[in-house]
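The sequence and structure come first.

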Amino acid sequence: MPLQLDDLAALDAPIAEISGRPMMLPIAAIDEDSDQPRHEFDSNALQVLADTIRERGVRQPISVRPNLQRAGRWLLNFGARRLRASKLAGLMEIPAFIDTTADSYDQVIENEQREPLKPLELSLFVQKRLALGDNQAEIARRLGKSRQWVTLTTALIEAPGWLLDAYRDGRCTGMNELYEIRRLHGEHPQIIETWVAGQAAITRDRIGLLRSELENTAAQSDADLIAAEVASAQEARAGASPDQPSPPLHSDIAALPPPAKQSPRTHLRIHVDFDGQDYQFVVSVAPPKPGHLYVRPLVGGPRRVAAASALKLLGFVGS
C-alpha cells in the first residue's frame with residue numbers, strides 16, 4: 001500500500017500514541033468533522049455525560065486524524081458526544097487515539113454501536129452516499145446491514161414538510177413507521193396528511209389500524225362496483241324479450257359474497273433490484289417499448305424505464 005500524506009503527518013505523534021497508548025490532546029485543537037453522520041444531540045443527555053466526565057474523566061478515548069486542511073490541528077473520527085461533553089465539563093485536554101484510516105462508513109458503524117443514529121441522520125448519510133455513486137446494495141454491505149434496512153432509511157430523503165414536522169415534533173420517530181407513512185402517502189396523499197396532522201403519537205399499531213381501514217374501504221368500493229354490475233346485468237336480463245338471449249351474468253361476480261363479508265386484502269408489490277437500488281414494478285402503465293418495464297422506488301421518487309434484462313427479482317413486498 002503506498003504511503004499516504006496523512007500517514008506522514010501522523011509521524012509527529014508522541015511516542016505514547018505510537019506505542020498503542022492514547023495521547024492527551026488539547027480540546028481546542030480538535031475540529032469536528034462536517035461529514036460526521038451524527039447531527040442530533042440531546043442537550044440533557046450531554047449534560048448528564050458532562051457531569052460524569054467531570055467526576056470520573058473520559059474513560060474511553062476519542063479517535064482523531066490529522067486535519068490536512070488546518071496544519072497542527074486534528075479532525076474528529078469518533079466521539080462527538082464525549083468531545084462536546086468534555087467541553088461542557090470544562091476539560092482542557094482529552095485522551096485520543098490517532099486513526100488515519102477511518103471513513104464515513106466507519107463513523108456510522110461506530111455511532112450505531114454506541115448510541116444509534118437518529119432516522120434523519122441515517123437518511124442524510126444514505127442520501128449523501130447515493131449522490132456519491134454508491135448504490136443501496138453497496139451501502140448495506142459496507143454497513144453490515146440488510147437491503148431492507150437501507151430501504152427504510154430512505155423514508156426521510158427529500159421528505160415532505162408535514163412528515164418532517166411529525167418527526168421533529170417527536171410524534172413519529174421510528175424508521176419503520178416513517179417508511180410506512182411515506183409509502184401510504186403515495187397511495188392516499190390527502191387522507192394520510194390529514195391523519196398525520198391529527199395524531200399526537202404515530203405508532204406501529206395505529207398505522208396498522210389505519211392501513212386496515214384503508215384496505216377495508218378499498219374492498220368495500222370494489223364490492224359496491226361489483227354489486228352495481230350485478231344489478232345492471234339482472235336488470236338487463238329482466239328487460240330482455242323472450243326471443244332474445246339474456247345477457248350473461250358473470251359467474252365469478254354472482255358467486256361473490258355480500259360486501260359486508262369482504263375481508264381485508266393484502267397488496268403485494270413485486271420487489272426488484274435495478275442498478276443496486278430497490279424498486280417495484282409499475283403495472284398500471286404499459287411499457288414504452290418491448291423488453292422494457294416501468295419501475296419506481298419503493299418509497300417516493302419518479303418512475304423509470306428499465307430493460308427487463310437489467311432487473312433482478314427480489315421477491316414480494318406486502319402492504
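Strands β2 and β4 run parallel and are joined by two bridges; strands here are DSSP runs of E with at least two residues, helices are DSSP runs of H or I with at least four residues, and both are numbered from the N terminus. D31 has L75 as its bridge partner in β4. The model is predicted: local features need pLDDT of at least 70 and side-chain atom pairs count only at pLDDT 80 or more, while totals for chains, interfaces and linings use all residues. Residues are numbered from 1 along each chain as its sequence is written, and side-chain values use heavy atoms, with hydrogens and water left out.

**The sheet**

The β2-β4 pair belongs to an open sheet of five strands, in the order β1-β5-β3-β4-β2, with mixed pairing. At its edges are β1 (23-26) and β2 (30-31), each of which pairs on one side only. Two strands count as paired if DSSP finds at least two bridges between them. Strands of a sheet pair through backbone hydrogen bonds, either parallel or antiparallel.

| Strands | Bridges | Direction | A bridge pair |
|---|---|---|---|
| β2 and β4 | two | parallel | D31 and L75 |
| β3 and β4 | four | antiparallel | P66 and W74 |
| β1 and β5 | four | antiparallel | L25 and I94 |

Five of the five residues of β4 are buried, so β4 is largely enclosed by the rest of the structure. Buried means under 20% relative accessible area, exposed over 50%, and partly exposed in between, using a 1.4 Å probe and protein chains only.

Helix α4 (residues 80-88) lies across β2, β3 (62-66), β4 (74-78) and β5, and runs at about 120 degrees to β4. Axes are lines fitted to C-alpha atoms, for helices over the stretch in contact, with angles from 0 to 180 degrees between N-to-C directions. Contact means heavy atoms within 4.5 Å.

**Helices α9 and α10**

In helix α9 (residues 161-168) the buried residues are W162, L163, L164, A166 and Y167. They pack against α6 (119-131), α10 and α11 (189-197). After α9 comes G170, with a positive phi near 80 degrees.

Helix α10 (residues 175-187) contains E180. E180 is buried, with a relative accessible area of 13%. Its side chain makes a polar contact with the side chain of R183 at 2.7 Å. A polar contact is a pair of N or O atoms within 3.5 Å; within protein, one must be able to donate a hydrogen and the other to accept it, and residues adjacent in sequence count only if both atoms are side-chain atoms. Leaving aside neighbours within four places in sequence, E180 is in contact with I207 and R211.
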